[in-house]
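My notes follow in the order I looked things up.

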Amino acid sequence: MKQIITLFTLLIFTIFYGQIDYDTQIQPIFDATCTECHWTNGGYTGSGLELTSYNSVMEGGESGDVIANGLLEEYIISGYMPAYGATSFLTDEEIGLIVQWISEGANPSG
């Protein structure tokens, strides 16, 4: 229920105040929680997914375009990522922000 309220709040905020900006809102989340494994062609078990820049996210990895095929959203909502043993995890607010960014078209800037 908390995730639904968070997502709804982010949606309302975004409708009134503009789109989410990748460089200032999304990349810092990836830097803090994902690039520990997903850097330099994907350090995480050979996934080939690098999350160090907008362009690398859009290139995807061995699973293809993780935005278009829904894997990025599915993995963070389900808690599959960040993987067990990671040193940082996503908050409900961060998950909501990433999901909202994806729903807005995963644009490079707001």
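**Aromatic pairs**

I counted the aromatic pairs and found 5 in the structure. I took rings of Phe, Tyr and Trp (its six-membered ring) as paired if their centres lie within 6.5 Å, with planes under 30 degrees apart called stacked, over 60 edge-to-face and the rest tilted. I checked Y22 and Y54: the ring centres are 5.2 Å apart and the planes stand at 75°, so this pair is edge-to-face. Y22 sits in helix 2 (residues 22–33) and Y54 in helix 3 (residues 54–59), so the pair ties together parts that are 32 residues apart in sequence. I read helices as DSSP runs (H or I, at least four residues), numbered from the N terminus.

Next I looked up the burial of Y22: its relative accessible area is 1%, so Y22 is buried. Here buried means under 20% relative accessible area, exposed over 50% and partly exposed in between (1.4 Å probe, protein chains only). Y22 also pairs with W101: the centres are 5.3 Å apart and the planes at 45°, so I logged this pair as tilted. W101 belongs to helix 5 (residues 92–103) and Y22 to helix 2, so this pair ties together parts that are 79 residues apart in sequence. Both Y22 and W101 are buried. I then grouped the rings: Y22, F30, Y54 and W101 form one aromatic cluster.

**Basis and confidence**

The model is predicted: local features need pLDDT of at least 70, side-chain atom pairs count only at pLDDT 80 or more, and totals for chains, interfaces and linings use all residues. Residues are numbered from 1 along each chain as its sequence is written, and side-chain values use heavy atoms, with hydrogens and water left out. pLDDT is the predictor's confidence in each residue, from 0 to 100. I noted a mean pLDDT of 84 for the chain, with 77% of its residues at 70 or more. Among the elements of the chain, helix 5 has the highest mean pLDDT (96) and helix 1 (residues 2–17) the lowest (62).

**Nonpolar core**

Which residues have the most contacts inside the largest nonpolar core? I found I26, F30, L72, I98 and W101, in a core of 23 residues. A nonpolar core is a set of buried Ala, Val, Leu, Ile, Met, Phe, Trp, Tyr and Cys residues joined through side-chain atoms within 4.5 Å. Helix 2, helix 3, helix 4 (71–78) and helix 5 each supply at least two residues of this core. Helix 5 gives the largest share, 6 residues. In soluble globular proteins, nonpolar side chains tend to be buried together.

Setting aside neighbours within four places in sequence, L72 is in contact (heavy atoms within 4.5 Å) with F30, V66, I67, I98 and I102.

I also stopped at I95 in helix 5. Its relative accessibility is 9%, so I95 counts as buried. I95 and G79 lie 16 residues apart in sequence and 9.7 Å apart in space, C-alpha to C-alpha.

**Helix 2, side by side**

I listed the buried residues of helix 2: Y22, I26, Q27, I29, F30 and T33. They cover an arc of only 150° around the axis, which puts them on the same side of helix 2. The arc is that of the directions from the helix axis to the C-beta atoms. On the other side of helix 2, I found D23 and T24 exposed. Helix 3, helix 4 and helix 5 are included in what covers the buried residues of helix 2.

**Polar contacts**

I used N or O atoms within 3.5 Å as polar contacts; within protein, one must be able to donate a hydrogen and the other to accept it, and residues adjacent in sequence count only if both atoms are side-chain atoms.

D21 lies in the loop between helix 1 and helix 2. Its relative accessible area is 17%, so D21 is buried. D21 caps the N-terminal end of helix 2, with a side-chain oxygen 3.4 Å from the backbone nitrogen of D23.

E104 lies in the segment after helix 5. E104 is buried, at 15% relative accessible area. A polar atom of the E104 side chain lies 2.9 Å from the backbone nitrogen of I20.

Most residues other than glycine have a negative phi, and most peptide bonds are trans. I looked for departures. The peptide bond from M81 to P82 is cis, with omega near -5°. P82 is in the loop between helix 4 and helix 5. A106 is not a glycine, yet has a positive phi of about 50°. I placed A106 in the segment after helix 5. At 2% relative accessibility, A106 counts as buried.
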